[in-house]
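User: Can you walk me through this one? I'd like the pocket and the helix packing.

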Amino acid sequence: MLILMRVLLVVYVLAINAYGFLLLKFQKDGDELGDCENKVHDGKLFITALLGGALGIFVAVFVLKYRMKSMFFMVLMPVVAVLNAYLIFLCFSSDGFFYGGRYVGELSAFPRNLTIDLGKAVSGGGIRTLFNYILTQF
């Protein structure tokens, strides 16, 4: 089951990056043809980047040589790509798909009285320690 989930994650990441690349290509083609009716807006590109396609969009900027002077693509896309890479790293580096073998489906209900001691949570250092501490409270 774990191998299947990891394979599906790899397929998803490849597909969303290809989709992001194609979105930027369609935006460039629409600008060259002056087609305002079927224009791809930057909001759609940003949502695609947040869903995991930031690296595909960033690569498309250089391959297509389009919007290279845009701060949106030159600053924000690498930041979102690093965030995407970190989340993928978390998925592959833990014992399970997420945080210590606990799958998302196993988090059935939130406790009513959740108190988090941030001093204890970050004493080991890092945001991953904080996430692990929060998830152990469930």
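Analyst: Below are the pocket, a helix pair and one lysine. This is a predicted model, where local features need pLDDT of at least 70, side-chain atom pairs count only at pLDDT 80 or more, and totals for chains, interfaces and linings use all residues. Residues are numbered from 1 along each chain as its sequence is written, and side-chain values use heavy atoms, with hydrogens and water left out.

User: How much space lies in the largest pocket?

Analyst: About 180 Å³.

User: Which residues line the largest pocket?

Analyst: Leu9, Tyr12, Val13, Ile16, Leu50, Leu51, Gly52, Asn84, Leu87, Ile88 and Cys91. The lining splits into 9 nonpolar, 2 polar and no charged residues.

User: Switching to helices. At what angle do the axes of H1 and H3 cross?

Analyst: Roughly 170 degrees, and the axes come within 11 Å. H1 is therefore roughly antiparallel to H3 (angles over 145 degrees count as that).

User: Which residues meet there?

Analyst: From H1, Arg6, Leu9, Val10, Val13, Leu24 and Gln27; from H3, Phe73, Ile88, Cys91 and Phe92. By class, that contact has 8 nonpolar, 1 polar and 1 charged residues.

User: Now Lys28. Which helix is Lys28 in?

Analyst: H1, residues 2-33. Helices here are DSSP runs of H or I, at least four residues, numbered from the N terminus.

User: What does the side chain of Lys28 reach?

Analyst: The backbone oxygen of Leu64, at 2.8 Å. Leaving aside neighbours within four places in sequence, Lys28 is in contact (heavy atoms within 4.5 Å) with Leu64 and Tyr66.

Definitions and conventions: Helices (H or I, at least four residues) and strands (E, at least two) are DSSP runs, numbered from the N terminus. A polar contact is a pair of N or O atoms within 3.5 Å; within protein, one must be able to donate a hydrogen and the other to accept it, and residues adjacent in sequence count only if both atoms are side-chain atoms. On a 1 Å grid over the protein atoms alone, a cavity is a set of points where a 1.4 Å probe fits but cannot get out, and a pocket is an open set with protein on both sides within 12 Å along at least five of seven lines; lining residues have an atom within 4 Å of a point. Grid points are joined across faces, edges and corners, and a volume is the space filled by probe spheres set on the points. Ala, Val, Leu, Ile, Met, Phe, Trp, Tyr, Cys and Pro count as nonpolar, Asp, Glu, Lys and Arg as charged, and the others, Gly among them, as polar. Axes are lines fitted to C-alpha atoms, for helices over the stretch in contact, and angles run from 0 to 180 degrees between N-to-C directions. Angles under 35 degrees count as roughly parallel, over 145 as roughly antiparallel, 65 to 115 as roughly perpendicular and the rest as oblique.
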